[in-house]
Amino acid sequence: LPDCYLYISHLDEEFKYWQLPGYPKDVTDHLNSTFSESTALGRSAPVYTFSNSGPRTISLNISFHRDMFEDMPSNVVPREGEDKAESFIHALQAIAVPKYNLSNKAIEPPLVAVRLGREVFIKGIVSGGVKVTYGKPILVNEKYAILDISFKFSSKDEEKSAIEKLYIKT
């Protein structure tokens, strides 16, 4: 089984951890950097000054057949009338909605962690919505067989990125 999982911190215990039944179709890992351009007196070429970098963003496009979820080992027990695929979709849609903390009356963004094999690991918050596209064929239970899911989230790590740790001496 692939070592691909999604952890959603603000859901009930039985819906926090999801092992994905395969690798995503597409993964885009983006780290932005900004350099300011200024023209110095007496120079013909501009001078560039580093302004900032980040946040790191990951975009995922997951395409699965509904039956793949039923074969996955999981602690998830679907709600009545749902299968594991529907529970997964509802859990993903919940990451686009913040949690309201009654004790300190604060709105907490939903934190997620994603690991995709040995290549990608990121912790962050959803920076857009969650898109689900249902595709044919229709199964015997009158549900769509193909599920295409996409979402994007931004890193919330306060520490240095792995790139900085490896390549930049401080």
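Biologist: Which residue forms a salt bridge with Arg 66?

Modeller: Asp 83 does, and the closest N and O atoms are 2.9 Å apart. A salt bridge here is a side-chain nitrogen of Lys or Arg within 4 Å of a carboxyl oxygen of Asp or Glu. Keep in mind that this is a predicted model, where local features need pLDDT of at least 70, side-chain atom pairs count only at pLDDT 80 or more, and totals for chains, interfaces and linings use all residues. Residues are numbered from 1 along each chain as its sequence is written, and side-chain values use heavy atoms, with hydrogens and water left out.

Biologist: Is Arg 66 buried or exposed?

Modeller: Arg 66 is buried, at 4% relative accessible area. Buried means under 20%, exposed over 50%, and partly exposed in between (1.4 Å probe, protein chains only). Asp 83 counts as buried too, at 12%.

Biologist: OK, how many salt bridges does the structure hold?

Modeller: Three. One of them joins Arg 56 to Asp 29, with the closest N and O atoms 2.8 Å apart. Arg 56 is partly exposed at 23% relative accessibility, and Asp 29 is partly exposed at 41%.

Biologist: And what does Glu 86 pair with?

Modeller: Lys 143, with a closest N to O distance of 2.6 Å. Both Glu 86 and Lys 143 are buried.

Biologist: New topic: how many residues are in the largest nonpolar core?

Modeller: It has 32 residues, and Leu 6, Ile 149, Phe 151 and Phe 153 have the most contacts inside it. Such a core is a set of buried Ala, Val, Leu, Ile, Met, Phe, Trp, Tyr and Cys residues joined through side-chain atoms within 4.5 Å.
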